[in-house]
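Please look over the sequence and the structure before reading the points.

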Number of protein chains: 6
Amino acid sequence: RHGEAESDDQVGIVTGLAWTQVGGEILTIESLVVPGKGNIKQTGKLGDVMKESVSAAFSYVKSRAAEFGIDQTLLEKNDIHVHLPEGAVPKDGPSAGGALTTSFVSVLTGIPVRHDVAMTGEVTLRGRILEIGGLKEKLLAALRAGIKTVLIPEANEKDLADVPENVRQALTIIPVKHMDDVLDVALTRQPQALPPGAVMDKNGEQTDTSVLSQSYQH
Amino acid sequence: RHGEAESDDQVGIVTGLAWTQVGGEILTIESLVVPGKGNIKQTGKLGDVMKESVSAAFSYVKSRAAEFGIDQTLLEKNDIHVHLPEGAVPKDGPSAGGALTTSFVSVLTGIPVRHDVAMTGEVTLRGRILEIGGLKEKLLAALRAGIKTVLIPEANEKDLADVPENVRQALTIIPVKHMDDVLDVALTRQPQALPPGAVMDKNGEQTDTSVLSQSYQH
Amino acid sequence: RHGEAESDDQVGIVTGLAWTQVGGEILTIESLVVPGKGNIKQTGKLGDVMKESVSAAFSYVKSRAAEFGIDQTLLEKNDIHVHLPEGAVPKDGPSAGGALTTSFVSVLTGIPVRHDVAMTGEVTLRGRILEIGGLKEKLLAALRAGIKTVLIPEANEKDLADVPENVRQALTIIPVKHMDDVLDVALTRQPQALPPGAVMDKNGEQTDTSVLSQSYQH
Amino acid sequence: RHGEAESDDQVGIVTGLAWTQVGGEILTIESLVVPGKGNIKQTGKLGDVMKESVSAAFSYVKSRAAEFGIDQTLLEKNDIHVHLPEGAVPKDGPSAGGALTTSFVSVLTGIPVRHDVAMTGEVTLRGRILEIGGLKEKLLAALRAGIKTVLIPEANEKDLADVPENVRQALTIIPVKHMDDVLDVALTRQPQALPPGAVMDKNGEQTDTSVLSQSYQH
Amino acid sequence: RHGEAESDDQVGIVTGLAWTQVGGEILTIESLVVPGKGNIKQTGKLGDVMKESVSAAFSYVKSRAAEFGIDQTLLEKNDIHVHLPEGAVPKDGPSAGGALTTSFVSVLTGIPVRHDVAMTGEVTLRGRILEIGGLKEKLLAALRAGIKTVLIPEANEKDLADVPENVRQALTIIPVKHMDDVLDVALTRQPQALPPGAVMDKNGEQTDTSVLSQSYQH
Amino acid sequence: RHGEAESDDQVGIVTGLAWTQVGGEILTIESLVVPGKGNIKQTGKLGDVMKESVSAAFSYVKSRAAEFGIDQTLLEKNDIHVHLPEGAVPKDGPSAGGALTTSFVSVLTGIPVRHDVAMTGEVTLRGRILEIGGLKEKLLAALRAGIKTVLIPEANEKDLADVPENVRQALTIIPVKHMDDVLDVALTRQPQALPPGAVMDKNGEQTDTSVLSQSYQH
Ligand SMILES: [Ca+2]
Ligand SMILES: [Ca+2]
Ligand SMILES: [Ca+2]
Ligand SMILES: [Ca+2]
Ligand SMILES: [Ca+2]
Ligand SMILES: [Ca+2]
Ligand SMILES: [Ca+2]
Ligand SMILES: [Ca+2]
Ligand SMILES: [Ca+2]
Ligand SMILES: [Ca+2]
Ligand SMILES: [Ca+2]
Ligand SMILES: [Ca+2]
């Protein structure tokens with residue numbers, strides 16, 4: 001049922017956390033790979049800031065594709081469609097960045113996401129996790145929905161003091177600094193990098209990824 | 001006559017149910033396949049949320065094309081045009097998602113839709129059927145129009161208590177959780193999956209659909 | 001002179017009927033085929049609903065092209081430009097659907113349209129003719145303009161009771177349910193279907209139109 | 001000097017006539033052919049109705065290209081840029097249709113336009129000239145600017161009674177019904193049709209223009 | 001320093017003159033050639049009228065490319081980026097037309113522009129220089145900035161009576177009627193036309209430029 | 001932590017300085033190279049003026065690519081994505097031009113940017129650094145964030161008198177006139193120009209860059 005944690009680990013399905021005027025809420029993120037031309041489609045009444053989060057998350061995953069074992073051809077010959085049910089409810093803000101990124105890595109690698117994990121955090125193009133608002137309400141919503149583990153930005157550790165003791169006890173709360181930390185927990189197994197030299201462009205030629213990989217450090 | 005159930009099972013024609021300020025209404029959905037490039041055209045004064053429903057429904061069908069027996073070439077060399085008469089009446093909301101999806105599967109497989117079935121329900125990218133509003137008014141409209149069977153979201157079963165006894169008696173009301181349940185009832189026969197290995201891309205090469213199919217589970 | 005019936009049967013020229021706050025009016029529709037890429041251009045200060053009517057009419061004609069004897073190559077290598085003089089007068093609404101469809105069939109088949117026929121009626125993607133408003137005013141305008149025969153939606157027969165007896169006597173009023181009924185009257189001769197197997201795509205290969213033709217039934 | 005008739009017959013330069021709140025005005029129209037892809041660019045602060053006039057005029061010329069001796073390749077490998085000086089003054093309305101069409105025929109055939117001729121009139125896709133407003137003010141502006149001959153819509157002949165006798169005496173006023181009448185007067189020599197069979201598409205294949213030419217009649 | 005005349009003759013850098021509510025101002029125009037597809041990019045908070053001036057100036061230069069010695073390949077395989085610093089200050093109006101055109105000719109021919117020359121004047125598609133406003137303020141700004149020579153529209157000679165005697169003495173003021181007059185003064189050397197027959201299209205075939213060149217006369 | 005200087009020299013990461021109503025702020029700029037077609041994507045709630053700064057900075061870098069040792073193929077087969085965290089905070093103005101340019105040079109050459117350097121300054125298409133506002137607040141923000149060296153426009157040297165003595169002592173403040181001055185300080189090593197004759201276009205043919213290089217002088 002919508003508003004509850006998923007019951008199985010699934011590919012492309014990630015549980016984010018939203019803050020609304022009437023409290024926190026579960027925010028389900030769904031991604032699909034469909035034949036296309038490397039574009040991203042987004043539906044679910046997303047606001048401008050969240051649309052930019054989607055774009056940045058997609059670029060982040062593309063820039064690290066080799067490291068995640070994602071073949072360039074897969075990216076070039078498909079589109080990703082990301083949808084946030086429920087379609088009539090407006091959603092906005094940057095704090096789903098980490099969840100969106102996780103969904104894209106999952107759907108492009110075929111690795112399922114742990115269904116009992118939720119997360120909140122803005123992501124930068126380098127994968128850094130930035131501070132978000134509404135931590136208390138989001139943790140309460142996670143607990144209500146049956147979530148066991150919540151990933152929060154390290155920069156929000158200071159806000160845990162405001163969270164009721166029983167909530168902190170009931171949840172495993174993991175502060176994270178970088179997308180690597182997020183993926184380590186959220187994916188059911190870790191992506192394997194493509195072997196060196198395996199990066200081919202669409203003409204079947206080996207691509208020099210030295211410039212690309214210089215962007216990966218953090 | 002518009003506002004009544006169809007008199008024959010037809011390809012691409014699905015009866016949805018709308019809720020308006022003056023009660024429920026029949027919502028006819030028409031889809032056509034025309035030569036094109038894999039795009040979708042939509043007409044009938046659709047609001048932004050319904051346009052996103054169309055886009056999500058189309059991606060859902062594309063992601064499961066092999067399972068529905070829909071050849072990739074058919075998708076690549078044609079457009080789908082979906083139209084909701086009457087063209088001057090604004091329509092919006094996510095609750096036609098299931099009906100739109102059914103229309104697309106029908107028009108792409110050539111399998112007619114049962115003319116005495118109506119349906120309401122938001123659909124997610126995974127095919128899950130989500131709760132809708134205005135159930136009572138929609139069932140009344142279905143009955144008035146001569147519909148025999150109505151598919152409703154399982155999450156709306158709780159609302160049946162508000163529906164007059166005679167309406168519930170006169171209609172076969174089937175709660176559904178997933179598009180598979182919808183198609184099982186609404187199509188006059190079930191789609192046959194393409195045989196394994198039959199998925200060809202436009203260059204006539206076999207496509208590795210392992211990543212795609214991982215998205216299908218639900 | 002503008003505002004009067006045409007004096008000759010012409011290709012692509014159809015007389016529609018509009019309803020305005022000051023009464024009914026003749027609405028001339030002009031279509032041209034120009035070299036292009038299968039697009040449609042529309043001019044004449046058309047509102048959003050009428051623009052969607054144009055799009056739906058064009059898809060309807062494309063989906064039935066073989067039946068109308070229209071070669072796929074003609075559609076692919078040309079654009080249609082539809083213009084509604086007078087260019088400074090805003091026009092809107094769905095009720096020119098039948099007239100637009102007739103204009104497109106005419107210009108693509110080269111079959112002239114009867115100059116003494118006018119018509120009104122929304123069209124669905126299946127070619128069904130839907131009810132319109134302002135019947136009385138439209139019939140008065142047709143009579144004033146020298147029209148002999150008017151096609152009206154069957155669903156509007158009920159409104160004929162409001163039309164003055166002398167108008168009904170002076171005009172041949174033909175209720176229609178489907179575009180086929182419209183074309184039977186409006187075209188100076190009937191289109192001939194392409195022979196089976198004659199449908200070629202742009203690579204000169206025969207196209208399997210079985211899915212397409214399943215959409216044609218009504 | 002701007003606001004006066006041209007002093008030489010030039011290719012692509014046509015004198016239109018505008019009506020403003022403070023009287024009539026000369027409206028110079030300039031067109032250029034530049035290498036491109038068959039598009040049309042328009043500058044000079046044109047309103048939406050005038051932009052549609054440009055589009056319709058361009059389609060008209062394209063549909064009759066063979067008749068005007070305009071090679072298809074010329075249309076496909078070039079753009080037309082039409083500009084209306086002065087760039088800061090807004091211009092709108094459909095009545096420059098005939099002048100725009102004349103400018104396009106001139107620039108595509110290389111035939112100069114008579115510099116002492118001005119014109120006003122909406123044009124339909126079939127080349128019909130429709131009634132315009134502000135005739136008196138426009139004729140006064142033409143006279144002031146040193147124009148000798150003015151083409152007006154035949155439907156405006158009735159308005160000549162309002163034009164001062166001395167203006168009617170000083171100008172040669174020619175009522176026109178169709179673009180053919182306009183071009184007969186405005187061009188310094190008449191276009192020669194391409195020889196039958198000379199119409200090639202961009203692959204060097206002969207094109208069947210029978211459908212196209214059926215649109216030409218009027 | 002911004003707001004002063006340039007200290008060297010540079011390629012693509014032209015000094016225009018703007019009129020603001022608080023007096024005249026120097027308007028620096030910068031153009032660059034970058035690899036691309038024949039498009040033009042414009043930045044610097046340009047209003048709609050100035051954007052159209054850019055478009056018209058670019059078409060003018062393209063239509064006379066052979067005369068300026070500009071190879072068609074250079075135009076097809078590059079974009080022009082034109083920028084007007086300071087980026088936060090809105091700029092509008094048609095009077096920079098001549099300066100924009102000069103910048104484009106300079107950057108496409110590699111011929112530097114005289115740094116001690118400023119100019120003002122709208123340009124038509126034929127290269128005619130049209131009257132502008134604010135002459136006195138613009139000349140004062142030019143003088144303040146250290147400019148020696150100012151090109152003004154011939155149609156503005158009448159306004160020189162309002163310009164203080166000392167300003168007229170300190171500046172060389174040259175009335176111009178056509179872009180040819182502008183380029184004769186502003187460029188450090190004159191462009192050389194391509195030899196007849198040297199005009200190649202991108203397939204290496206000789207292009208028939210007879211239609212194009214007919215547009216050049218003025 | 002966001003709002004502090006970076007702790008390592010990184011590729012594509014530059015520290016700009018923003019002025020807000022409540023004081024100065026650190027503005028982190030992140031760029032990534034992702035496979036694409038030579039386009040630039042920008043996210044982070046950028047206003048129109050800043051978007052134009054991005055476009056101008058990108059053209060500047062492309063026009064000097066050979067000088068920076070950036071291969072044309074790298075530009076043609078990739079996109080740059082530039083993001084300014086935090087995604088919900090609006091950013092605007094031209095003064096990040098120098099920082100954006102530095103980020104693009106860094107990410108395209110793989111040369112890290114010094115983490116203890118911040119900068120402010122509008123850039124022109126020629127690479128000139130123009131005056132900015134809010135110098136005092138920006139320097140205070142740089143100091144607070146742990147920055148050691150700040151590049152400011154030479155035109156702002158006059159404003160240093162308003163900056164507290166202790167701030168001027170604690171920072172190395174370097175006035176700059178041109179992007180070359182910026183890159184000399186900000187990059188950890190200097191780019192090496194491509195050898196003459198090494199500039200290839202995408203067909204593997206040597207490109208004549210003489211026109212391009214004429215634009216480089218300043
Ligand atoms: Ca909810
Ligand atoms: Ca890891
Ligand atoms: Ca109705
Ligand atoms: Ca089934
Ligand atoms: Ca009228
Ligand atoms: Ca028939
Ligand atoms: Ca004027
Ligand atoms: Ca003639
Ligand atoms: Ca200034
Ligand atoms: Ca000269
Ligand atoms: Ca902040
Ligand atoms: Ca250097």
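The points below are grouped by topic.

The model is predicted. Chain E and chain D bury about 2,300 Å² between them, and chain D superposes on chain C with an RMSD of 0.0 Å. Cis peptide bonds are listed for P85(A)–E86(A) and P85(B)–E86(B), and positive phi values for K45(C) and K45(D).

**Interface of chain E and chain D**

- Chain E brings 25 residues to the contact and chain D brings 31 residues.
- Carbon and sulfur atoms account for 55% of the buried area of about 2,300 Å².
- There are 3 salt bridges across the interface.
- One salt bridge pairs E30(D) with R126(E), and their closest N and O atoms are 2.9 Å apart.
- On the side of chain E that touches chain D, two or more residues come from each of α1 (48–63), β6 (122–123) and α7 (210–214) of chain E.
- Of these elements, α1(E) gives the largest share of that side, with 8 residues.
- By type, the residues on that side of chain E are 10 nonpolar, 9 polar and 6 charged.

**Relation of chain D to chain C**

- Within chain D, K37(D) has the C-alpha nearest the axis, at 12 Å from it.

- Most peptide bonds are trans.
- In chain A, the bond between P85(A) and E86(A) is cis, with omega about 0°.
- E86(A) sits in the loop that runs between β4 (78–83) and α3 (97–109) of chain A.
- In chain B, P85(B) and E86(B) are joined by a cis peptide bond, with omega about 0°.
- The loop between β4 (78–83) and α3 (97–109) of chain B holds E86(B).

- Most residues other than glycine have a negative phi.
- K45(C) is not a glycine, yet its phi is positive, at about 60°.
- K45(C) belongs to the loop between β3 (40–43) and α1 (48–63) of chain C, and its relative accessibility of 35% makes it partly exposed.
- K45(D), also a residue other than glycine, has a positive phi near 60°.
- K45(D) lies in the loop between β3 (40–43) and α1 (48–63) of chain D, and counts as partly exposed because its relative accessibility is 35%.

Conventions. Residues are numbered from 1 along each chain as its sequence is written. Chains are lettered from A and ligands numbered from 1 in the order in which they are written. This is a predicted model: local features need pLDDT of at least 70, side-chain atom pairs count only at pLDDT 80 or more; totals for chains, interfaces and linings use all residues. Side-chain values use heavy atoms; hydrogens and water are left out. Contact means heavy atoms within 4.5 Å. Buried area is the accessible area (1.4 Å probe) that two parts lose on being put together, summed over both. A salt bridge is a side-chain nitrogen of Lys or Arg within 4 Å of a carboxyl oxygen of Asp or Glu. Helices (H or I, at least four residues) and strands (E, at least two) are DSSP runs, numbered from the N terminus. Ala, Val, Leu, Ile, Met, Phe, Trp, Tyr, Cys and Pro count as nonpolar, Asp, Glu, Lys and Arg as charged, and the others, Gly among them, as polar. Copies are superposed by least squares on the C-alpha atoms of residues with pLDDT of at least 70 in both. Buried means under 20% relative accessible area, exposed over 50%, partly exposed in between (1.4 Å probe, protein chains only).
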